[in-house]
Amino acid sequence: KMTQQMRDLQLAQARKPPGPSSPNAAKRLYRNLSGKFRVNYTSFDEGSLAGRGEKEKLRKSYLFQSNAALFEAVELQDLDRVQELLKQYSPEELDLNTPNSEGLLPLDIAIMTNNAPIARALLQAGAKESPHFVSLESRSLHLSTLVREAEQRVNELTAQVVNEAPNADCSEKEKQLRAWEWRYRLYKRMKAGFEHARVPDAPTNVHLSVASSSSVQVTFWEPLSINSAVVTKYKVEWSCSPTFSPLLGEAVIDKLKNLHFTIRGLVSGTAYYVQVSAYNMKGWGPPQASVPPFAIPSNWREYDGRAPRRRGQAEALDHLLGQVKTVHQHCVCHGLQEPESRKHSVSKSLKHLFHPGSKFLKTLKRGLYLTAIFYKDDNILVTHEDQIPVVEIDDTYSCLLMQDFLWFTKVSCMWDEILWLRQCVTVSQSSCSCILQTRFKMLLAISQMQGLLGIQDLGQVFFEPVKDKQGNILIVTLKEVKTNQTFESVRWVPICKLQTSRKSVSSLEEPTALDTLLISIQDKLAYHQQSSHALSPGLYLGYLKLCSAVDQIRVLVPEQLPNILCHVKIRSNPNISREEWEWLQKMASVEEPVPAETEAETSQNHLFQELQVAIKELMTLVNIPLQEAKDFRLYSQEVLDFGGQVSFLLLLPPSDDVCTAPGQNNPYTPRSGFLTLPLQIFELGEER
């Protein structure tokens with residue numbers, strides 16, 4: 001079979017220009033070739049192509065050349081070029097796992113020449129070993145055949161070059177001879193790499209942890225040995241017996257981007273032992289038992305049978321809201337309904353933003369206003385007069401009460417329900433209270449902004465209004481526009497241009513609220529973007545620090561992630577097992593906590609070590625001397641769970657210092673890079 005493959009290869013080479021005569025020549029050839037096929041085929045003039053058939057042929061031609069270039073790059077051990085091709089093309093486009101005429105894949109060549117960096121890059125991209133190598137004997141026989149037939153071809157070409165007189169054909173044969181000599185050396189090097197390789201050592205740092213009440217997770221690192229061949233897959237085995245007899249199951253991991261595996265479908269309260277072994281072209285290496293040697297699937301709630309705090313809450317609130325709507329259906333105020341002509345005039349796009357009849361304000365008088373900031377990249381949406389959209393809420397309201405502002409932030413969770421809320425407030429307005437009148441005007445302003453913009457969702461409310469000494473107050477909403485849709489008659493103005501072109505009517509000492517907004521707009525956009533970031537899955541240690549004012553309580557948060565408490569990551573596994581929680585309860589009940597047995601490899605001891613590291617890191621983050629941490633305590637009533645993938649343990653200051661009262665000296669002053677948000681704003685951001 002191999003002889004026939006080599007004959008086919010020779011016939012194919014006879015029909016095409018001769019191959020490279022040396023490694024350098026081969027390198028130049030495939031770089032020049034790849035430089036040509038890197039041009040995007042869609043950039044060709046459509047009129048120059050006869051039709052879809054020709055375009056498809058052209059596309060396949062480029063992909064075929066990219067596959068050939070990848071083989072060349074691997075053979076020449078050009079890591080940079082391999083990484084460039086893997087980034088430029090998908091595995092399917094490269095035919096990454098389709099053997100060539102010699103029955104080899106790019107990964108085969110990389111591992112048999114012992115080029116670990118290229119092999120790892122290919123494995124990260126999803127490369128596999130050739131399916132032809134079903135055993136050590138088949139691989140050895142295949143390599144021997146390649147070496148023998150390459151040697152035979154070299155001998156044949158050498159004889160032809162020596163015996164023929166110098167001519168054009170002879171020159172081509174000399175090029176073929178040099179190419180085959182180079183290939184012969186490559187096959188010999190691959191054969192030697194295979195013969196000298198040995199099975200891999202055991203994986204290192206095999207750690208076992210409890211992932212849930214029915215699963216455990218094992219993480220591990222590559223073997224330490226640098227003399228064996230590249231590892232291409234791992235095997236995880238588990239059993240209820242420390243001797244692993246009988247086995248309950250096994251799993252082979254060939255996607256090596258993340259070296260971890262979660263064993264699911266286990267029985268809560270049962271001990272499971274786990275071991276991991278590595279595989280290379282010489283076979284499976286010895287297994288490595290995990291640390292700790294076993295794990296028992298469980299969750300901290302099993303300690304006292306506690307139900308999840310938020311179970312059914314969202315459904316109950318939706319049901320309650322539906323009931324409230326039903327009660328108010330018979331009280332719909334028709335006077336608030338938009339006229340038909342008005343309804344049809346409201347555009348669904350933002351093009352109405354520049355309608356001459358819009359009621360956006362250019363200047364502020366003494367009062368309360370709403371402004372909506374829509375941005376995309378470094379551009380911001382403005383009115384036809386190059387102004388940020390502003391509408392009036394109340395021109396007689398010069399002192400925004402915190403409770404009104406916090407009510408407005410809650411309304412921002414119901415942008416689609418503004419009309420219904422207006423009807424409800426109108427029905428309830430018989431008392432004519434000032435609070436209801438102010439809030440009704442807020443709803444009117446929201447409806448006006450939505451109608452003028454032609455969009456319901458005005459985004460997220462900035463955590464504090466913008467004020468000036470003239471008595472103007474701006475409530476600011478922020479929304480990022482991520483779509484690439486082009487709007488008619490709409491101008492996206494660069495933020496820097498808007499800031500420099502605006503003609504201020506105020507002094508530097510007493511800027512108006514609009515000027516203050518423009519000056520600080522980058523900070524507000526950064527806050528909006530950062531408050532939408534999510535934590536990666538894991539268990540975190542959070543620091544709870546509050547400070548109170550006359551009308552509100554504020555919470556300390558990091559500027560880089562203002563929707564989360566100050567925190568550090570403890571580990572990637574968010575679950576706290578029953579055994580770990582039981583240990584934490586014992587530590588909380590004694591005045592002088594005693595660490596877990598340092599000699600025992602238990603999950604409790606591992607958690608103790610992780611907490612020590614996390615507490616030191618957190619104290620440094622919030623600028624608290626480590627010696628004062630002895631007065632701090634862990635919140636032991638519950639683990640804060642966010643969606644099942646993120647959980648928090650809370651670190652609390654001494655009882656008297658959890659919340660700093662007005663005028664009280666704060667003994668724990670963090671470095672710059674922190675904010676204090678109103679507690680209600682923080683709760684809304686956490687929900688988002």
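## Lining of the largest cavity

In this predicted model, the lining of the largest cavity comprises seven nonpolar, six polar and one charged residues; Ala, Val, Leu, Ile, Met, Phe, Trp, Tyr, Cys and Pro count as nonpolar, Asp, Glu, Lys and Arg as charged, and the others, Gly among them, as polar. A cavity is a set of points on a 1 Å grid over the protein atoms alone where a 1.4 Å probe fits but cannot get out, and lining residues have an atom within 4 Å of a point.

Of the 14 lining residues, Gln460, Val461, Ile681, Leu684 and Gly685 lie nearest the centre of the largest cavity. Two elements, β12 (460-461) and α20 (679-687), each give two or more residues to this lining, and α20 gives the most, with four. Helices (H or I, at least four residues) and strands (E, at least two) are DSSP runs, numbered from the N terminus. Domain 3 (358-532) and domain 4 (538-687) each supply at least three lining residues, with bounds from an automatic or database domain assignment.

## Cavity count and volume

There are three cavities of 30 Å³ or more.

## Basis

Residues are numbered from 1 along each chain as its sequence is written. Local features need pLDDT of at least 70, side-chain atom pairs count only at pLDDT 80 or more, totals for chains, interfaces and linings use all residues, and side-chain values use heavy atoms, with hydrogens and water left out.

Definitions and conventions
1 Å grid on protein atoms, 1.4 Å probe; cavity = no way out; pocket = protein on both sides within 12 Å on 5 of 7 lines; lining within 4 Å. Points joined across faces, edges and corners; volume = space filled by probe spheres on them.
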